[in-house]
Amino acid sequence: MDFAEFKEAVYRRFGLYLDGYKEPQLKRRIDSLMALLQVPDYGAYLNLLARDGQQWQRFIDKITINVSEFFRN
C-alpha cells in the first residue's frame, strides 16, 4: 500500500479526509510515528490504527494542528 492508498483507506475506514494537509509534512509525521512503533508499511499501520484506540488517538494528535481561540495581545 502506498501513501495515496493509505490516505484513501483512512478516509473510507474512519471518515478522515487527509488530502487537505500538505503532503510532505503529513507524510513526515506519519512516517515518524511508524518508525517509532516499528511498523513496516502503511497497510500494517492502518491495521494497527483500526484495532488500537490509543494509537488512533496518537495518530490524530500527531497530524492535527491545535488552534487556540484565546486572544493574545
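Buried, as used in these legends, means under 20% relative accessible area.

**View 1. Lys7 in helix 1 of the predicted model.** In this model, which is predicted, Lys7 lies in helix 1, the element formed by residues 3–14. Because its relative accessibility is 11% and the cut-off for burial is under 20%, Lys7 counts as buried. Once its neighbours within four places in sequence are left aside, Lys7 is in contact with Leu18, Asp19, Glu23 and Leu26.

**View 2. Confidence across the protein.** The mean pLDDT of the protein is 91, and 89% of its residues reach 70 or more. Among the elements, helix 3, which spans residues 42–51, has the highest mean pLDDT at 97, whereas helix 4 has the lowest at 94.

**View 3. The largest nonpolar core.** This core has 18 residues, and those with the most contacts inside it are Phe6, Ile30, Tyr45 and Phe59. The elements that give two or more residues to the core are helix 1, helix 2 (23–37), helix 3 and helix 4, and helix 3 gives the most, with five residues. In soluble globular proteins, nonpolar side chains tend to be buried together. Phe6, one of the residues with the most contacts inside the core, is in contact with Met1, Ile30, Tyr42, Tyr45, Leu46, Leu49 and Phe59 when its neighbours within four places in sequence are left aside.

**View 4. The packing of helix 1 against helix 3.** Two packed helices are described by the angle between their axes and the distance between the axes. For helix 1 and helix 3 the angle is about 20 degrees and the axes are 10 Å apart, which means that helix 1 is roughly parallel to helix 3. The crossing of these two helices is right-handed. On the side of helix 1 the contact is made by Phe3, Phe6, Ala9, Val10, Arg13 and Phe14, and on the side of helix 3 by Tyr42, Tyr45, Leu46, Leu49 and Ala50.

**View 5. The crossing of helix 2 and helix 3.** The axes of helix 2 and helix 3 come within 11 Å and cross at roughly 80 degrees, and the two helices are therefore roughly perpendicular to each other. Helix 2 brings Lys27, Ile30, Asp31, Leu33, Met34 and Leu37 to this meeting, while helix 3 brings Tyr42, Tyr45 and Leu48.

**View 6. Asp2 and Tyr42.** Asp2 is placed in the segment before helix 1, and with a relative accessibility of 42% Asp2 counts as partly exposed. Although Asp2 and Tyr42 are 40 residues apart in sequence, their C-alpha atoms are 6.8 Å apart in space.

**View 7. Gln55 in helix 4.** Gln55 has its place in helix 4, which covers residues 53–63, and Gln55 is buried, with a relative accessible area of 10%. If residues up to four places away in sequence are not counted, Gln55 touches Leu37, Leu48 and Leu49. The C-alpha atoms of Gln55 and Tyr45, which are ten residues apart along the chain, are separated by 9.5 Å.

Definitions and conventions. Residues are numbered from 1 along each chain as its sequence is written. Side-chain values use heavy atoms; hydrogens and water are left out. Helices (H or I, at least four residues) and strands (E, at least two) are DSSP runs, numbered from the N terminus. Buried means under 20% relative accessible area, exposed over 50%, partly exposed in between (1.4 Å probe, protein chains only). Contact means heavy atoms within 4.5 Å. pLDDT is the predictor's confidence in each residue, from 0 to 100. A nonpolar core is a set of buried Ala, Val, Leu, Ile, Met, Phe, Trp, Tyr and Cys residues joined through side-chain atoms within 4.5 Å. Axes are lines fitted to C-alpha atoms, for helices over the stretch in contact, and angles run from 0 to 180 degrees between N-to-C directions. Angles under 35 degrees count as roughly parallel, over 145 as roughly antiparallel, 65 to 115 as roughly perpendicular and the rest as oblique. A crossing is left-handed if the near helix is turned anticlockwise from the far one by less than a right angle, and right-handed if clockwise.
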